[in-house]
Amino acid sequence: MEMNPVWKKVLEEVGFVSWYRALSDEFRTEPPFTDHSVTEAQDMIMEFGFKKTQYDPKTSFYQVEGVDDTRIVKGLGSGVSVSLKDGSLEVVVAFDLDNDTRVGGTFSLLPGMLGDTGSPIRKPVFTNYKELYALLKKIFQKYDDIGNKVIDIYLAEPATM
């Protein structure tokens, strides 16, 4: 499946692959924190400004922000979900460019989709609440960077008729 050109340009311009590789290398401690409190993690996420965060025990994902619940700029929506299952962090993002185009993906899969042929990048791992907080902070900063770049690039693209 071919990646949407706007999405590919966004990820390349924010240096996603090198950022994700560095994040994975930084958060490689052992043993993973597998018995963290769902409530404590949810409170942490909410502290970053995501007040509607909900945890789904069936999928082990925290629905942080729903793409249909927010509008960054008229016509553009964004969403992010986070999984802390087994002490590793997985992030899924989505950006609604218009009524017909939704782009996004799973952070751990994006490097391969962008053609990265380096060594496989493992999901970041946290071993305590302090590491989890630092990891979430970096994730949400990158989510903001990506969202801002989506706006910059998408709004600069010529409109299709």
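Which residues do ring pairs link into a cluster?

1. In this predicted model, ring pairs join W7, F48, F50, F95, Y133, F140 and Y143 into a cluster.

2. The protein chain has five helices and five strands, and from the N terminus on its elements follow the order α-α-α-β-β-β-β-β-α-α. For 161 residues a compact globule would have a radius of gyration near 15 Å, and the 16 Å of the protein chain agrees with that, while its C-alpha atoms fill a box of roughly 55 × 35 × 25 Å along the principal axes.

3. Of the 161 residues, 43% are buried, and among contacts with a separation of 6 or more, 63% are between residues 24 or more positions apart. The accessible surface is about 9,000 Å², with 50% of it belonging to carbon and sulfur atoms. The chain carries 18 positive and 25 negative side chains, the centres of the two sets lying 1 Å apart.

4. F16 and W19 are three residues apart in helix 2 (residues 16–26), and therefore about one helical turn separates them. F16 is buried at a relative accessible area of 0%, and W19 is also buried, at 18%, because the cut-off for burial is under 20%.

5. F16 and F107 form an edge-to-face pair, with 5.0 Å from centre to centre and 75° between the planes. Because F16 lies in helix 2 and F107 in the loop between strand 5 (102–106) and helix 4 (110–113), this pair ties together parts that are 91 residues apart in sequence. Both F16 and F107 are buried.

Methods: Residues are numbered from 1 along each chain as its sequence is written. This is a predicted model: local features need pLDDT of at least 70, side-chain atom pairs count only at pLDDT 80 or more; totals for chains, interfaces and linings use all residues. Side-chain values use heavy atoms; hydrogens and water are left out. Helices (H or I, at least four residues) and strands (E, at least two) are DSSP runs, numbered from the N terminus. The radius of gyration is taken over C-alpha atoms; the globule rule is 2.2 Å times the number of residues to the power 0.38. Buried means under 20% relative accessible area, exposed over 50%, partly exposed in between (1.4 Å probe, protein chains only). Contact means heavy atoms within 4.5 Å. Accessible areas come from the Shrake-Rupley method with a 1.4 Å probe; for residues, only the protein chains shown count as cover. Lys and Arg count as positive and Asp and Glu as negative; His and the chain ends are not counted. The place of a charge is taken as NZ of Lys, CZ of Arg, CG of Asp or CD of Glu. Rings of Phe, Tyr and Trp (its six-membered ring) pair if their centres lie within 6.5 Å; planes under 30 degrees apart count as stacked, over 60 as edge-to-face and the rest as tilted.
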